[in-house]
Each structure stands twice: as C-alpha cells, then as structure tokens.
Amino acid sequence: MQWLDGLIQGILLGGLYAQYALGMALMFGVMRVVNITHGDLMILLALIGVSLASTFGLGPWSVLVVLVALGGVIGIILQRLILNRVVGADPLPSLIATFGLSIALQNAMLQVWSADTRSLPSGGIAQASFQVGPLFVGVLPVIVLMTATVLTAGLATTMQYTRFGRSLRAASADVEAAAMTGVNPKTVYAGATALAVGILGFAAVFQSMRSTVSPADGAFQLIYAFEAVIIGGMGSIWGAFLGAMVLGISQSVGFRIDPGFGILAGHLVFLTILALRPQGLLGKD
Amino acid sequence: MALLSTHDLKARYGDFQALYGVDFEIAAGEVVALIGANGAGKSTLLKSIMGLLRVAANMVRLDGQPVGGSQPHRMVARGVAIVPEGRRLFAGMSVVDNLRVAVDHAALGRGDAWTIERIFALFPILEEKQSVPVQSLSGGQQQMVAIGRALLNQPRLLLCDEISLGLAPKVVREIYQSISSISKNGTAVVLVEQDVGLAKSASDRLYCMLEGRMTLTGRSAEMSREAIGEAYFGVSHAVA
Amino acid sequence: MTQAPTAAHAASPADTLELPFVRVQRQTMSGVVAMALGVAVLFAIASMPLWASQGLIRDVVELCCYIAVAQMWNLLAGYAGLVSVGQQAFVGIAAYMMFVMAQLWGINPFVAVMLALLAPALLAIPTYGLLHRLDGPYFAIGTWVVAEVMRLATSVFGYVNAGAGMSLRVMTSYSPMERAIGVSALCALMLLVTVGGSYLLLRSRYGLALIAMRDNPVAAASQGVNVGRLRFLIWIAAAVGTGLAGAIYFMAQLRITPPSAYDPNWANIAIFIVMVGGLGSLEGVLIGALIYFFAERWFGQFGATYLVVLGLMTLFMALFARGGIWGLICKVVDAPWFPTRRKLMGKRT
C-alpha cells in the first residue's frame, strides 16, 4: 500500500511541478531562453498574493485571477526590457542576465518581505481530503492536478493549432526566416513570456496554499522545472507534463524509502535519463 | 513609376562593405534577373531590400516611399516576399504548417489570389506530403515549399534567391515554369541566378553585378554573350 | 649570346634573398609592472603571520579563495566554452576529503589539503563523461544537479557525520602561529597555481589553442587543436583548482556541513566576479573579486540591498558590456596586466 500511496502522491506532486514546468517548456524548450528568474517570479507572485489576501481580505480564487494577470504583465515587461536583448543562439548571455536579475530579485524580496515563511489562507481546502478505497487523497492536490492537465492541454492545443502557436514555433525554428515570412519576433516572444509567467500565477497560488513560501525558495522550483522539461523532452508541452510526473513520482517514492532520500531520488532519475536518453522521453532525436 | 527601386545603395557586414552604391529598379509585373559571380553582392541586395540588413531609409523605395532598413515583417506587410538562399524552412513543422505561417501573416488588402489549394495545384507533390515534417523532403520539394510559403504572403514583389541551386535540371525546369505562371498573375519577380542562360531566358530585363557594383543592365533578349561575359568577370580579368 | 645563361647559373637564391628582421614581442611595460607587483603581493600574503592580525588573515584567505574559484570558472566559461553552475561540487568534495584525511585518518592537515585534491579530480572524470555531450544550457543544469546530488548524498552519509557536519579538531594541536603560517603559505601557493598557472597556460601554445577554441571551435579543430581533449583537461584542472580553494577555505573555517560545503553561493560568487570583472581576462577576475569583497564588507551590514545592486550590475554587464569592467577599461587604455598577445615587430629604425 506504501507504493500505491507513493505513486498517487507522486502524481499529485507532479501536478504542481507541471505548473512550474509549463512556462519553462515555453521559454527554455521552445524559445531556447534560459530564464533563471523563473522560480523567483513564482515566489514573487506568491508573496504578492499573500500580501493582497491579508491586506484586502481576498479569497484564494480572487488572488488567482489577479496573479495570473499580473504574471502576464510581468512577463511582457521582462521580455521587452531584458530578454529581447539576449535572445539568440548563444545561451550564455540570457543565463547571465537572468542570473543577475535573480540575485537582485531574491534580495529585493528579502528586504521587502523578510525571510519569514508565509502561506495563503485556503479556507479549509488545504486540509480537506476524501477517501478512495483504503487511501486518503487531499482535495487541493486533486484540484492542482486537474488544473495542470487543463493548462497543459490548453497550451499544447494553442501551440499546435493557433496562429500564435505556429508563429512561436516558426520563430523558434529560425527567427530570421520567420521574420521574412511576416512574423514579428518581438511580439511573439513577448506573448510567450507573458503566457509562461501567467501560468506561474496558478503555481504561485497553489504552492502558497499547500505549503509556505519565502524569498529564497525560488532556486528549488527552478531546478525542478528544468528537470521536468529536460526529462520530458525539449519543445514538447506534454513532455513537460510527463517529465513533471516522473519527477514527482521519483521524489515521492524516494521519500517513502527514506525521508532524506526523496529529492535525491528525483535528481538521480534525472541524471539517469540525461545519460541514457538526453533528448528526453518525448523529445525528437 | 517603378514598384521598387534602390538608389546609390550602400551596405556593409560589419567592417566589410558589400555594396558600393547600387541602382536597381523593377516595375509591376516584370521579371528581372540578377546575375554575377559568387560574392558579387546579389544576395546582399535582396537582403537590403527585405530589411535583413540595415541601410539608410532613402536607399530603398517601394512605391516611391523610403523603406530602407525596415523590419522584415513590415516589408511582408507591404507586399514584398522572399524565397531565401538555402530555403530556410521551419524545421520540425509540417509542410502545411510552414505554409500556414505565411497565410497567417499575408499582406493585407491584396485579396487572396494565392491559397493553399492553389499552391497544391502548382506543386501537387506537396499536397501528398502536407503532414510530413518539412526537413524530410527532398531538396526540390523543399524549394517548392519555400516558394509556396513566399507566395502565400500575397506579394506584389517576389524575391527569389538562387532557387535552382543544388536541384536536378528536371526539377529546375518545373520550378521555372511555375515562375512564369506567377509572373502572369501580376506579381513582379526578381530572380537571382547563377545559371546565366536560365536567367536570360526567364527574364524581361537583366542586371549583372561584380564586387558590389552594377556592371551591366538591359533587356535580356538583346544581350550578347560577350557583353555578359565582360560584365560578369570584369573587363580587367580578360585574358589576351 | 652565351653571357645570359652563365649569369643566370651563377646567381643562386641564397645569395639574393635577404630575410626580413622580425621579433615577436609578448611582454608589455604594464605587464612587467604588474608582474613585479604580483610577486610582491604573493610574498606579502605568505608572510602575513608576521605582520597581520587574525581577522585580516581570515579576510585575505577568503578573498584569495574567491579569486581562485572565480578564475577557474573564468577558464571554463571564457576559454573552454563550458558554462558550469555547479562548481560547488568540487569545493565541497575537496573540503570534505581534507576533513576526512586530517580528522579521521590522522594525516597532517596541511599535507591533507594537497592530497585531498585527488577527490575533485576523480569526481571530474565521470561528471564530464556524463555531461560533455550536452548543449550549453543542459550542461549548466546538469552541473547544478550533480552539485545538489553531492550535497544531498553527503547529508545522509553517516561516515562524515551526515547533516551535523564535522569539526577540524586536530588543528588544536597546532599553535595559532603555526596555523597562520600554514594557511598563508597555502594561500600564496593557491594564487600562484590558479592565477599564475592560468597566465602561464594562456601564454603557452595551449593558450593559443584555447583562444582559438573560444573564438571558433570548429575552425580550431580544423587547425589541429584537439578540442575535446583540451576541454576535458581544462575541466579537470578547473575542478582541482576549485577544490584547492575549498580545502583551504574550510581548513580556515575549522568546521564543515553539507549545506555550507556545497553552497550554490560559490557559483553565484564566481559568476558575479567574472561577469562584472570581465569574462576571459585575468585582470577582470581580480577587479571583480575586489569589488565583491569590499561590497560585502562595507555594505553587508545594511542588509541585503548591496546584493540587489550587485545582481543588477551583473544584469547590466550581460546586456550592455559583455566584456565587463576590464573590457570597458580596455576600450580607453591598452595596458594589460597579464599580456597574452603576440605582436610582430619589424626592424627598429
């Protein structure tokens, strides 16, 4: 029963990781931009959400709407001000630029919010659970998983069938050729970043409801997002979802073997896949 | 009035000057060929027109308006499309998706003279392979996709950069037949070509370039081999 | 009629050809001055126990460790084209190996610092094997995960006291003066090996190969540079250099825990120092290290705001001044402290 429980908890955890990973799949997987601030932006949104909730007494779903919209705006600003200048074949400039921004952002958040951990009042949802056979399953994790699935399906459909998705895929394949075909790369990239950070709004709300957030947490979310995208395969939206599931299950099963082994198990699975199948599970050769 | 003209066009790649004051023009519905040896500046000229190279605004004029140095996607919106050197298709996307990107960003107000169905009629093999990833097509088929993609931008002016390169003669004939029907539809076409004979026979007028300058221009039918030879290689390179 | 042929036979090529006078100049005035200053600084560091306070010694050791780690990152990213965000793996493993050798195996701690370098070298081999085929960002993420794996594995490894960490109690058997002498000497040695060693490398023909590799690996390979092997050797050398800094740093700290040993902040410091100082230049590393060190000392007491400023500086450099501060200086003045260029000089008139 331990293993089944571990599997189910892992899938639910994967639902949260998928929400970090989707934005990363867009930016890293499709645009080839390394955005070190990805995790910090999620924390920033979460901290803003917690402050809004306590200042204006907003419930979690109102906070969600605000954070997703705010995330979109932040994404556009990030792309226009910084990332547009470092898009290109060489990943080093975008890595260094976002690294510097990450340090600045983390410490600015530290100054504003201090190192205290905070969480979002969930009105009881975080504690509620229901019984499935012999197992107890939390209500919140199921909501997180369903949201993740809907977001993934929506994003994958957008990339495959909409004008925006085609333009983004074209710009990622060959930005000059895309421009020659009429695509405005700046607009398309801004849209992609807005989408990526907007999705983080969901992750921000769920993470702060299920657990606590503090300014320095960004690095962990970042590493899980990268791992999920690489496990799943670059350029694949469902790949990021699958990678998040693999990561969540590895961590959860590892945790049940030994509490100190959980995260380590996830990293070892990541390194194994990197060694055996670097293009990822759903990646093209 | 010329549809597109360049005036004393100068262009550089960093420290290297590629064009030294080039004058060029094309009228609506014309087919103009651009020939010259490797490195003469033919692709550079097309890139300058398309906005892929920064040049002074007044050096390139469309409908008499200065457009030099515009963003490439703005040139597409104005009705200029390019079949680039090396095709530059969107790898990882299917044939039909490659075409759809062009449809998504077609120049407005031009109606829809070109549709995906008409491209399939022009190049039937593409209809058969429409869902296939574009990188798995043969060179000739990829060239057809590249031309189709440019046409679906509904251009008034189509720039073709060495579309016969690396293709079998039979395929080249097929493609040039399609050029002729494109021109009959009213689209002006610039053909950059290495094959002088092909360039002569396919065009109304012809320009020859050498080391960043125009060395010869005139009606294709009236040009002599000697004149072209001198302009192509330069009189100073003449042997004996 | 017969004159011309005999005249043609009589004159041979050696007589008529006069080889032009050429000289290759590698040193500059500024380089000579810097070299003299550098030697003086090394002596000053090695002699610190004679004139410096305990506090100052600790500060200088810390600064030297930053310089060493940053210079190793500079070699990797600026020349070998390997961007790593996981060098802390080598800091930690060397430091832990030193603690194990000195505290658990009874080896002389100062000798242990050198012997412990075997650990980062051995770790470097399989990590390179695992990661080297990966493209830029994948490689970087991979190095980060390896460092995290080391941290987590050490936290559950009972032999080294797991998460509680170890103390270097054997050091109490040495007097404070003896400890100071040992640490200062090792520090001077570390700078000599990492900064001096890099300089020697860059001036040698391997340096030319490295610069060629940095500018265009494919072209360098076509000229006979064994790019793969050179990258591998640089990777190992950087791991060992980084490990040396780790072993010395924690020997001075006297205490080690997994989170401090494998602290990602080492990577942050290296990246900041190199990118703000100037990627690919030795001068830049020194400038960047001094900036970081003094910013932390002077402004750290006011909270984390100075880090916000440092982060924004890194961002600014990445966007607008890829050559860092040294790059900006070079645009105004051409006076390298570590000249590596070769100038072809003609005959002096």
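User: How far apart are the nearest C-alpha atoms of chain B and chain C?

Analyst: Welcome! Keep in mind that this is a predicted model. Chain B and chain C do not touch. Their nearest C-alpha atoms are apart by 17 Å.

User: Which chains have the most contacts among the two pairs that touch?

Analyst: Two pairs of chains touch in this model. One contact takes 34 residues from chain C and 36 residues from chain A, while another takes 15 residues from chain A and 21 residues from chain B. The pair with the most contacts is chains A and C.

User: Why can the size of chain A be said to agree with a compact globule?

Analyst: The C-alpha atoms of chain A fill a box of roughly 60 × 50 × 35 Å along the principal axes, and 59% of its 285 residues count as buried. A compact globule with 285 residues would have a radius of gyration near 19 Å, so chain A agrees, with a value of 19 Å.

User: How many helices and strands does chain A have?

Analyst: Along the sequence, chain A follows the pattern α-α-α-α-β-β-α-α-α-α-α-α-α. Strand 1 (residues 129-132) and strand 2 (residues 135-138) of chain A pair in the antiparallel sense over four bridges. The count for chain A is eleven helices and two strands.

User: What is the strand order of the open sheet in chain B?

Analyst: Chain B has nine helices and ten strands, and six strands form this open sheet with mixed pairing. Its edge strands, each pairing on one side only, are strand 6 (80-83) and strand 10 (213-219) of chain B. Neighbouring strands are turned against each other by 15 degrees on average, direction ignored. The order is 6-7-8-3-9-10.

User: Which residue is the bridge partner of B:Val80 in strand 7 of chain B?

Analyst: Strand 6 of chain B and strand 7 (residues 157-161) of chain B run parallel and are joined by four bridges. The bridge partner of B:Val80 in strand 7 of chain B is B:Leu157.

User: At about what angle does helix 9 of chain B run to strand 9 of chain B?

Analyst: Helix 9 (residues 225-233) of chain B lies across strand 3, strand 9 and strand 10 of chain B. Its angle to strand 9 of chain B is about 35 degrees.

User: Why is helix 3 of chain B called largely enclosed, and how many of its residues are buried?

Analyst: The cover over the buried residues of helix 3 of chain B includes helix 6 of chain A, together with helix 4 (116-122), helix 5 (124-128) and helix 6 (139-151) of chain B. Among the buried residues are B:Val95, B:Asp97 and B:Arg100. Helix 3 (residues 95-104) of chain B is largely enclosed by the rest of the structure because, of its ten residues, the number buried is nine.

User: How many residues are in the largest nonpolar core?

Analyst: Residues with the most contacts inside this core are A:Ala21, C:Val69, C:Ala94, C:Met98 and C:Ile248. Not counting residues up to four places away in sequence, C:Val69 touches several residues, including C:Val91, C:Trp266 and C:Ile269. In soluble globular proteins, nonpolar side chains tend to be buried together. The number of residues in the largest nonpolar core is 294.

Notes. Residues are numbered from 1 along each chain as its sequence is written. Chains are lettered from A and ligands numbered from 1 in the order in which they are written. This is a predicted model: local features need pLDDT of at least 70, side-chain atom pairs count only at pLDDT 80 or more; totals for chains, interfaces and linings use all residues. Two residues are in contact if their C-beta atoms, placed from the backbone, lie within 7 Å. Two strands pair if DSSP finds at least two bridges between them. Axes are lines fitted to C-alpha atoms, for helices over the stretch in contact, and angles run from 0 to 180 degrees between N-to-C directions. The radius of gyration is taken over C-alpha atoms; the globule rule is 2.2 Å times the number of residues to the power 0.38. A residue is buried if 20 or more other C-beta atoms lie within 10 Å of its own, exposed if 12 or fewer, and partly exposed in between; C-beta atoms are placed from the backbone. A nonpolar core is a set of buried Ala, Val, Leu, Ile, Met, Phe, Trp, Tyr and Cys residues joined through C-beta atoms within 7 Å.
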